[in-house]
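Colleague: I am new to this structure and should like to understand the terms used to describe it. Might we go through them together?

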Amino acid sequence: MKTHHTSEQGSKSIFQRAQEALNKHDDIVEMILEDHKPLKELIKVMKDSDRSLDERANAFAEFAPLLICHAKPEEQSLYIYMKNDEDLREEGFEGDVEHALADQLVEEIMRTDDPDLWGARVKVLAELVEHHIQEEEDELLPDFKKHSEVKDRRNIGVTFLALKTKLLEKGGEETPHEDNLGDEDTRTH
Ligand SMILES: [Fe+2]
Ligand SMILES: [Fe+2]
């Protein structure tokens, strides 16, 4: 499928923009907020059933690898830290579960030929991830900030960026596993 640029900066790929934006930050909270922006842009298109299927399919084609490039590093840096903290543990696990649901749905969408079912699944995926991102921004990240120090947030940021860079270089085509990306413990206290 041809790639359609949904952004105003059409000459740069969404992957290049994601990488450039991340390099501006050294705190994991800022990095994640920045990283959510292109996903939100694509979600708007994917969930809009007034748009043509072609437009939504192009948005999904960009969204699926970009989601992997966000979610896997997030799981393996921020969520790992949270699951090791008594006060943040539950939210970290909830994040993992929501990511797994989105992964399942992405796989189902890729196997769906019927256009009506495809449209319905893409809309549900868009709404699921939109809700997840909103919850992260409104609850998870503020809670994490309360229970972490600047040096923790920077260390986790370094891990996140390293994992993400690796994935972006592959265009999000490969799902990383903890064993081949190293399982650095991001906790510093
Ligand atoms: Fe997440
Ligand atoms: Fe996120």
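Colleague: What makes α3 largely enclosed by the rest of the structure?

Modeller: A residue is buried if 20 or more other C-beta atoms lie within 10 Å of its own, exposed if 12 or fewer, and partly exposed in between, with C-beta atoms placed from the backbone. In α3, 22 of the 31 residues are buried, so this helix is largely enclosed by the rest of the structure. This is a predicted model, in which local features need a pLDDT of at least 70 and side-chain atom pairs count only at pLDDT 80 or more, while totals for chains, interfaces and linings use all residues. Residues are numbered from 1 along each chain as its sequence is written, and chains are lettered from A and ligands numbered from 1 in the order in which they are written.

Colleague: Why does Ile 80 count as buried?

Modeller: Ile 80 lies in helix α3. It has 20 C-beta neighbours inside 10 Å and therefore counts as buried. The C-alpha atoms of Ile 80 and Gly 92 are separated by 7.3 Å, although the two residues are 12 apart along the chain.

Colleague: What is called a helix here?

Modeller: Helices (H or I, at least four residues) and strands (E, at least two) are DSSP runs, numbered from the N terminus. The protein has 7 helices and 0 strands, and the pattern along the sequence is α-α-α-α-α-α-α.

Colleague: How do the spans of α2 and α4 stand against expectation?

Modeller: The 19 residues of α2 should span 27 Å, and its end C-alpha atoms are 27 Å apart, which agrees. Even so, α2 bends by about 25° at Lys 37, and a proline, Pro 38, follows within four residues. For α4 (residues 89-110), the 22 residues should span 32 Å, and the end C-alpha atoms are 32 Å apart, which agrees as well.

Colleague: Which residues of α4 are buried, and why are they placed on the same side?

Modeller: Gly 95, His 99 and Ile 109 are the buried residues of α4. They cover an arc of only 80° around the axis, and therefore lie on the same side of α4; the arc is that of the directions from the helix axis to the C-beta atoms. On the other side of α4, the exposed residues are Arg 89, Glu 90, Val 97, Ala 100, Gln 104 and Glu 107. The cover over the buried residues of α4 includes α3 (53-83) and α5 (115-146).

Colleague: Is Met 110 buried or exposed, and how do you know?

Modeller: Met 110 belongs to helix α4. It has 11 other C-beta atoms within 10 Å, so it is exposed.

Colleague: What is called a nonpolar core, and which residues touch the most other members of the largest one?

Modeller: A nonpolar core is a set of buried Ala, Val, Leu, Ile, Met, Phe, Trp, Tyr and Cys residues joined through C-beta atoms within 7 Å. The largest has 35 residues, of which Leu 39, Leu 42, Met 46, Phe 63, Leu 67, Leu 78 and Val 129 touch the most other members. Two or more residues come from each of α2 (28-46), α3, α5 and α6 (150-169), and α3 gives the most, with 13 residues. In soluble globular proteins, nonpolar side chains tend to be buried together.

Colleague: Why is Leu 42 called buried?

Modeller: Leu 42, in helix α2, has 24 C-beta neighbours inside 10 Å and therefore counts as buried.

Colleague: Where is the confidence lowest, and where is it highest?

Modeller: The pLDDT is the predictor's confidence in each residue, from 0 to 100. The protein averages 87, and 83% of the residues score at least 70. Confidence is lowest in helix α7 (residues 178-181), at a mean of 42, and highest in α4, at 98.

Methods: Expected span 1.5 Å × (residues − 1). Contact = placed C-beta atoms within 7 Å. Bend = angle between axes of the 7 residues up to and from the residue.
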